[in-house]
Amino acid sequence: MLDLQPHYAVAAHYDELYDAAGAPRPHYAKVAASLARIDRDEILARVQAINTALLQRGVTFTVYADSAGTERVFPFDIIPRIITPSEWSRIERGIQQRVRAINAFLYDVYHSERILREGRIPREMVYSSKNYNREMIDVDVPRDVYIHVSGIDLIRDEQGEFLVLEDNCRTPSGISYVLENRDVLKRGFSDLFRNYAVCPVDDYPSRLLDVLRYVAPPGSAQPSVVVLTPGIYNSAYFEHTLLARRMGIELVEARDLIVVDNSVFLKTTRGLERVDVIYRRVDDDYLDPLYFMPDSSLGVTGLMDAYRAGNVTIANAIGAGVGDDKAIYRFVPEMIRFYLDEEPLLRNVPTYDCTEPAQLQHVLANLDKLVVKNTNASGGYGMLMGPYATVEERERFRETVIAAPRDFIAQPVVQISSSPTLVDGSMVARRVDLRPFALYGRSVEVPPAALTRVALREGSLVVNSSQGGGSKDTWVLQS
Amino acid sequence: MLSRVADSLYWLGRNVERAETVARILDVNYTRATDLYSQRDGRSEALWRSVMQCAGFTSQTKIPTNGKAATDCFGFCAFDTDNPTSIISSIRIARTNALSIRAELTTEVWEVVNVLYLHVEEQDLRSVLREGPSKFLRRVRDWMQAFAGISDATLTHGDSWNFLQVGRFIERAYMTARILEAVDVEHEPWHESQRLLEMCCASVPFAQASHHAPEARDAVSYITLSQSFPRSLRFCTREVDAAMHRISHAPIGTFANDAERRLGRMRALFDFTPIDEMLEPGVTEFARGLVADFEELSADIQRAYFPRLLVTA
């Protein structure tokens with residue numbers, strides 16, 4: 001039998017499964033009981049079968065540090081993360097509010113700049129963002145939607161309150177793990193689902209396709225939609241193939257596209273075929289060599305012109321990245337008040353702005369207590385976890401931060417929540433986060449398909465796949 | 001369909017078929033070489049030289065003696081990653097192509113390629129030879145044949161499947177022609193005819209069709225002209241022609257591109273030429289001409305559907 005009791009004193013942080021007294025929370029009780037009924041060897045054998053299936057299916061990601069592009073299975077943990085209907089309802093409303101505000105901000109910074117003129121956000125902060133794109137000024141995107149797909153990373157603080165850790169408004173990934181995790185867990189551990197009403201996740205691709213068709217350029221009655229991938233060496237390539245297959249649309253690379261007379265076409269065995277909507281999983285910089293990275297052969301020559309002429313929709317919009325810049329993050333609550341006249345439903349983590357001298361001094365004096373993040377990096381790269389870093393690492397960061405304060409923000413270390421996790425055959429506590437995805441078409445929807453990432457290294461607070469993270473199936477319970 | 005996708009399907013089909021054929025060639029010859037092991041008349045070297053020619057795609061004639069031939073040649077044809085036609089290279093190419101068109105394939109088709117790839121990557125020459133290479137070679141053949149069945153049964157029989165068929169049957173015909181070129185039926189009629197038939201998976205079908213021990217000309221004729229044996233040159237050419245016309249929608253007997261025109265000529269050769277006339281220049285010369293024809297055909301197909309230098313409109 002597998003001992004499910006956590007082998008740690010219930011600590012100062014919040015645990016998803018056990019309350020402060022060490023008893024299972026009510027919504028986890030039945031899963032804990034079901035697991036306790038399965039023989040330990042049986043559990044390990046089923047876990048093994050799941051891992052083999054994931055490898056054979058190619059549910060892998062590529063590690064960038066290795067130039068050969070090593071493929072690895074994103075580790076999957078069988079203990080589900082369960083979210084109650086009331087928790088979800090709060091998350092859903094909070095994310096809808098946040099995404100609407102960020103989208104309004106994007107429209108504003110590329111049009112009348114009201115929020116800048118009224119001094120609510122410093123102009124330099126926006127103009128200095130690597131992802132602010134002057135080519136987008138006065139461009140009208142279909143339905144005024146910039147962030148068709150976003151992934152908002154949430155963590156739970158010591159009191160169990162959900163906080164927003166960061167916004168991902170460019171090409172957030174992870175939904176394929178949500179779909180695959182549910183599938184393999186249902187096949188391998190169907191007994192866990194007994195007595196639960198879990199919201200299904202598998203309609204995500206069709207909801208995404210609805211959004212993409214809705215934002216097609218006006219006049220395209222049967223819009224042709226494609227997924228644009230950087231190719232097989234991209235870390236999220238598996239996800240691109242899965243979404244294209246489930247939506248039943250073409251997965252294309254830049255070399256499959258050509259722009260003729262400001263319209264975009266596919267190069268097919270029967271000649272050129274028109275494209276109306278591109279769901280791109282490629283960064284802005286690699287879209288069009290005429291506008292970005294002129295010395296690059298990547299991208300589709302003339303795509304930006306076709307886009308600005310309104311002949312093709314690109315999702316997410318070019319230039320949307322200014323909305324998820326880590327230095328802009330601390331202004332999102334202000335955006336919510338400014339554009340929606342509402343109070344934020346989900347709080348931010350307190351954030352120090354290194355461009356303000358007083359805050360910079362505080363950050364430099366407290367490097368051993370803070371997390372310092374590069375505002376342009378993602379995936380857990382370019383980050384200092386102060387309390388866990390060596391003196392040398394902190395000193396190196398000090399110099400980099402002083403040299404380029406705009407590129408860094410700092411936050412206190414939040415002791416994020418933990419969840420029991422199966423590691424090397426025994427049950428241990430590991431830290432988790434939550435990435436719900438929002439789809440923005442007619443309105444902002446938050447499908448109950450969220451990714452729980454788990455930091456598999458003992459004591460680690462970093463959940464990114466590139467940093468030894470894994471994932472769990474996430475159950476949003478039906479109300 | 002995207003030209004790039006068609007290109008990948010074509011090479012996926014070819015490399016799957018190539019891995020299977022090379023595995024069969026190695027299996028047949030490794031077993032035969034065992035019979036010849038103790039003989040010192042150079043026949044073992046001649047055998048491996050012909051294997052290197054058809055499975056190794058090299059005319060390198062320096063074959064090591066004293067029993068190392070089997071290890072070296074087998075290693076070169078099965079596991080040498082610098083040899084682009086080795087089993088491991090073919091499977092890697094097939095897998096990369098399958099990955100690049102993962103969105104076009106069914107999960108079942110993708111998995112059969114990926115599972116074999118994962119298996120082959122774990123093998124090494126020494127342990128494969130220690131337990132006898134048959135087990136490994138059999139596994140390659142089984143999975144590649146499973147690929148054919150699974151793709152037939154799960155893919156929509158539209159353009160994707162047609163391009164896969166074009167690749168599969170061109171490669172099959174091409175490898176049959178290479179095998180024909182490499183055997184020496186004129187000098188050792190019985191042994192070489194039998195080896196030819198085995199390498200083409202044809203010994204029992206031939207026996208059933210002919211009711212006598214193989215004579216050189218009959219065996220060559222069977223491998224070239226059989227209407228119903230699925231590895232004969234005639235059969236494969238007909239399949240390529242049919243798949244190409246399903247893609248172009250041109251009626252059979254007409255042509256929409258140079259590849260179809262060449263196919264028509266090749267079909268006419270097999271359908272209307274007396275075997276004696278065909279073999280007039282000798283089996284090896286005849287086969288060499290066919291190898292060149294299939295290479296030209298492949299280039300024609302490439303030009304028609306996936307030119308490397310893409311036309312700008």
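Where is the place of A:Asp138 in chain A? I found A:Asp138 in the loop between helix 5 (123-127) and strand 4 (149-156) of chain A, where helices (H or I, at least four residues) and strands (E, at least two) are DSSP runs numbered from the N terminus.

I noted at the outset that this is a predicted model, in which local features need pLDDT of at least 70 and side-chain atom pairs count only at pLDDT 80 or more, while totals for chains, interfaces and linings use all residues. Residues are numbered from 1 along each chain as its sequence is written, and chains are lettered from A and ligands numbered from 1 in the order in which they are written.

**Backbone of chain A.** I looked up phi for A:Asp138 and got a positive value of about 65°, although A:Asp138 is not a glycine. A:Asp138 is exposed, with 8 other C-beta atoms within 10 Å; a residue is exposed at 12 or fewer such atoms, buried at 20 or more, and partly exposed in between, with C-beta atoms placed from the backbone. A:Asp424, also not a glycine, has a positive phi of about 50° and sits in the loop between strand 18 (418-423) and strand 19 (426-431) of chain A. I then found a cis peptide bond joining A:Ala315 and A:Asn316, with omega about -5°. Most residues other than glycine have a negative phi, and most peptide bonds are trans.

**Helix 7 of chain B.** I checked the length of helix 7 (residues 133-154), whose 22 residues should span 32 Å at 1.5 Å a residue, and its end C-alpha atoms are 31 Å apart, which agrees; the expected span is 1.5 Å times one less than the number of residues. The buried residues of helix 7 of chain B are B:Phe136, B:Leu137, B:Val140, B:Trp143, B:Met144, B:Phe147 and B:Ser151. They cover an arc of only 130° around the axis, so they lie on the same side of helix 7 of chain B, the arc being that of the directions from the helix axis to the C-beta atoms. On the other side of this helix, B:Lys135, B:Gly149 and B:Ala153 are exposed.

**Domains of chain B.** I recorded domain 1 (1-155) and domain 2 (173-306), with bounds from an automatic or database domain assignment. Their centres, taken over C-alpha atoms, are separated by 21 Å. The contact takes 13 residues from domain 1 and twelve residues from domain 2 of chain B, two residues being in contact if their C-beta atoms, placed from the backbone, lie within 7 Å. Helix 1 of chain B gives the most to the side of domain 1 that touches domain 2, with ten residues.
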